[in-house]
Amino acid sequence: MSAVDTGAVTAHGVQAGARSVDTAVPLREPASVMRLERLGAFHQTRLSFMRVLTRRMRRERWRFTRPVFELDAAGVGHAVYSVITPERTYSLVAFAHDLPAELRSDRVIAEAWDSTFTLFDGVPTAQDIERLARNVPVQEAGRLDATELSLGRANRSVRLWAHVVESLAAGRQPDTDRIEAVGYLMRTTAVYGSGKFGAADRESIADRAELSGPFQIEMLTVYLVRAWVRDLVQHAADAAGGAASVPLDPDIARSIGIGNSTGLGMAPFILNHPVLFDHWIGARETALSRVRGVARVGDAERATFHALLTRSVVSAARWRTEHPLQGPRVARLREDLDSILVRIDGAEHDCLGGDRPWDRLYRWAEANLDMEGQECLVSLMLEPYGELVDDLVDTLACDQDLPAIDGAMPLSAVADIIDEVYGWARSIDWEGRPARARAWYFSAEKLEPRLGERFEEPIEPYEQPLAPGRDAIALQRALASWSPGAPVAELLLRHPEHRHTVRRLQTVACASYAEIRDNTIGATVSPADMLRAKLSFFGAIHFDPRSDRWVRICMYANAPYPEELASGDADTWPYPDLPAPDAGSPA
Amino acid sequence: MSRSLNEIGLLCKRAARGGGLDWGLAEDAARGARWSASFGLPGPAMLATRLETLDGRPHAALSPDVTTNVWHAPDGGPLCPLAAGAALSDRAMRLISDGPITLRDPACPLLVLAFANDAAERLGATVLVAWGGLRLTSGAGRLHIDGARERLEDAGTPRLTCSTVAPLPEPAASPGFRGEIDDGVWDRLTALAARTLAPATEESRRRGAGGG
C-alpha cells in the first residue's frame, strides 16, 4: 500500500495537508468534489452525525428516564427526559405551549411555538426548571447559562397532529399513508448549540467523548425531542378520548421523525467553518477511497450492499418533493438505483466479482449516473465496511478557532495557494454583473443571514465576507505590484482590506476540502446546495427544497426510540424496511 | 452578565466591523477580545472604547510606521492598538531578530496584549507587554499579571514595550470558558454591531429569505 498525500500546497514552507490515505486508490480531487452541484447531491452515510450518535447509544448502553411529565388536559406543561451515559447524565427540558394557529410559523423569526426545549447538562433541580421556564419559552429573548447545551423550538404539522390525535382518541390507529406523506408530527424551526444566548460553548465540553463529535449535542437534543413529541401526541389523544383512546402502534410511531426547516441562516456555516467542513468531507472521501481499494468482495459485504441498495430503492420511491429541479433529480435517482441493481444482479455483469470491484463500480457510476446517483452509490458502498471506515468518525471534529496570520509567508506562496485552490475563479468575469449579482448580508429586521440582489438593493455596504473566489482574485491582482519574495505582512500593512482573504488562504491551504470551488454570489447560485451538503452530514434524507433558499427534511424517521435501542437497528435505520411480502393483500 | 465566549467573539467581530474595520482586522480584534475575556480582562470594554473613537474612519491610514523598533502613528497622533497589534503579530520574528519593540503613544494599550500573545504562540515563546508599571506575560496558553492592574483600562500610554522573556512567571492564570461583561459595555458593542445590519426595504421583504 502506498501513502497518498493530498496536501494542497507543498512549496514555500506551507504545511501540506496531513491527510494520508493507506490505500492505492487516490482520494477524489477537491476540484471535483467541492463543486456545489456535487455537494448539493450528497446523501447520508454511516459517518453521519445521527448514526454516529445512535450507534454510540447502543454500544454504550445509554439509559433513558422520564423523571418529570407534567401536562394539563390541554397539553400545556413540561417534561424532563434524562439520558444516562457512562460518564454523565444529560436532560432534555421540554415545554409544551398552547399556540394559537395564527402564530404558527416555520420562520426562524417567529415569536411563539408549540414546543420549546433545551438540553441541560446534568439533572435539573426544581429551581433550574423554574429558571428555564422563564427563559426557554421565549427563546432568543431569554438567557441561558453554562449548564445549558442547546436551545430549540418546534411546531406541529397541524393536519397530521390533528389526524393522529383524533384517530387514537377514537380508538383506532392513524392512517399510515397520511403519516408517510408528512413524515413528522413536529418540525423544528431552530436548534441552537454552541454558546448561543449564553449556553455553554462547544469548547467547554469538547473533551467529553460522548459530545466530542460534530453536532452531537444538537443530534441528541432532536433525538430526545422525538420521544417527547410521541409522548405529547399520546397525551393529547388520551385527554381527548379518555377510556376510548388507544396507544400509538410502535411500528407507526417508529416511522415518524422530526421535521426540520432549514433556511439561509445555515448556508454560511460551511463557508465560515472551512476547516471543519474539510474534516467532514475528508473523512467521507477517505472512507470512499478505502472501500474503492478493497481487493475482493466477500459474501457478507455483497449481501449487505444488496440489501441496503434494495432498501434505498424503497426510500427513493418515498422521496416526495415538488421542487422543479429536485423533482426530476429524484426521478433520475430512481432510475439510477435500478441501473445499479441491474448491474449487480445481472448474470452477464456480475460487477462485484474480480479485482477491486468497488473501484470499477464507482468509475462506471461516474460515467453513467447522475450526480444524485453517484453520491448515493458512494454512501451505499461504505455500508458494508464499518470496520474499515468507522474509525474516521474520530476525525470529524476539529478546533474551529480562526488562526492568527503567518505574516512571514512570502507573497509567492500566497500566489501559489490562489493558483491551487482558486484556479476555477480565474475564468470568471468578476467585473461583470452576473458574477456578483448577489450579496450575503444581515438584515436589521431579521438578524439573520440573507442573500440579496447587489445591483437592485442597497445592501453592498453591509456585505458579509462570503465570496472567497472573488476575494482571492482581487488579492491576486494586488500581488502584481509586489515583489514575490516580500512577506505578506508588508502587503497587509498597506492593504488591510486583504487581511480576511490572506487568513482564509492560509487556512484552506492546509485543508484540501475546505473551500467550495464555485461562485457563492453569482446570479445562479443555489444556497439550497450548501444546506443540502450540511444536512447530509447530519444524516438527513428526503431533502425537499421549498425554494433555492430553504430545505425541509425529516430526522430520525425509522430510528429506534430510547426503549428500542437495545433490540432495534441503531445503525442502518435511515434505510426503510422492505414492505412485507403480503403487504396490500387482504387481512 | 456571564456571557459565552462565542457570544463575545461574535458580537465583537460585528462591532469591530461596524466600527469601520476591514473584516480581517475585525476578526483579529474579536479574537483578541474573546481571548482577553477568557482571562477576565476588560478587552471587550476597551475594544468598545477604541471603536467609538475610530467612529468609522478608514483604517488603512492608521497603519503604524514600523521602520525602526519604535513604532509610531504616521501622523504623529495616537497609535491604533489594533493596527499596531496586527502588525506586531504579523512580524513576530522581529521580536527575536531585532529585540524589543516599542509602541509610541498607543491608545487602549490592553488591546495590544492579545496580538502579542499571538506572536508568543507563533514563536513558541513567552512574550512580555509592559506599560505604566503593569507587566503582562503570556505564553503556552497562560497569562501572568504583575503590577499596576488599574492601568488595564488606560485610554492611552506614552510607551508600551513588547519583548520575549523566559520563563513565564508563576503563578500564571489559565483561561476560563466564560466572560463577565457589564451590560453597559454589551449595549455599546451591540450599538456598534448594529451598523453592520442592512435596513429592511420593501424589496427585501418582498423577496424574502426563505423559511427556517
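**A strand and its surroundings**

Modeller: A:S261 stands opposite A:R552, a residue of β13(A). This pair belongs to a predicted model, which scores ipTM 0.96 and pTM 0.93. The strand to examine is β9(A), which joins β13(A), residues 551–555 of chain A, through 5 bridges, and the two run antiparallel. β9(A) also pairs with β8 of chain A, residues 184–192, but here the sense is parallel and there are 3 bridges. One of the positions to look for is A:Y184, whose bridge partner in β9(A) is A:G257. When viewing such pairs, recall that in a regular strand the side chains alternate between the two faces of the sheet.

How many residues of β9(A) are buried? The strand is mostly covered, with 6 of its 6 residues buried. A residue is called buried here if 20 or more other C-beta atoms lie within 10 Å of its own.

The next step leads to the partner chain. In the contact between the chains, 52 residues of chain A meet 38 residues of chain B. The strand β9(A), residues 257–262, is among the elements that give two or more residues to the side of chain A touching chain B; the others are α7 (202–205), β10 (438–443), β11 (449–453), α19 (488–494) and α20 (499–508) of chain A. Sorted by class, that side of chain A holds 22 nonpolar, 13 polar and 17 charged residues.

Strand pairing also crosses from one chain to the other. β10(A) pairs in the parallel sense with β9 of chain B, residues 197–198, over 2 bridges. At this crossing, A:F442 has B:L197 of β9(B) as its bridge partner.

Beyond the crossing lies the partner itself. Chain B contains 8 helices and 9 strands, and its average pLDDT is 93, with 94% of the residues scoring at least 70. Six of its strands form an open sheet with mixed pairing, in the order β2-β3-β7-β4-β5-β6. The edges are β2 (70–71) and β6 (142–147) of chain B; each has a single partner strand, so one side of each is left without a neighbour in the sheet. Within the sheet, β3(B), residues 101–104, and β7(B), residues 159–165, run antiparallel and share 4 bridges. B:I101, for example, has B:C162 of β7(B) as its bridge partner. Helix α6(B), residues 110–123, packs on this sheet and touches β3, β4, β5 and β7 of chain B, its direction making about 160° with that of β4(B).

Helix α4(B), residues 81–90, is mostly covered, as 10 of its 10 residues are buried; B:L82, B:G85 and B:D90 are among them. Over chain B as a whole, buried residues make up 54% of the 212 residues. A compact globule of 212 residues would have a radius of gyration near 17 Å, and chain B, at 18 Å, agrees with this.

Terms used. Residues numbered from 1 in each chain as written. Chains lettered and ligands numbered in written order. Predicted model: local features only at pLDDT ≥ 70, side-chain atom pairs only at ≥ 80, totals over all residues. Contact = placed C-beta atoms within 7 Å. Nonpolar A, V, L, I, M, F, W, Y, C, P; charged D, E, K, R; others polar. Pairing = 2+ DSSP bridges. Axes fitted to C-alpha atoms, helices over the stretch in contact; angles between N-to-C directions. Buried ≥ 20, exposed ≤ 12 C-beta atoms within 10 Å, placed from the backbone. pLDDT = per-residue confidence, 0-100. Rg over C-alpha atoms; globule rule 2.2 N^0.38 Å.
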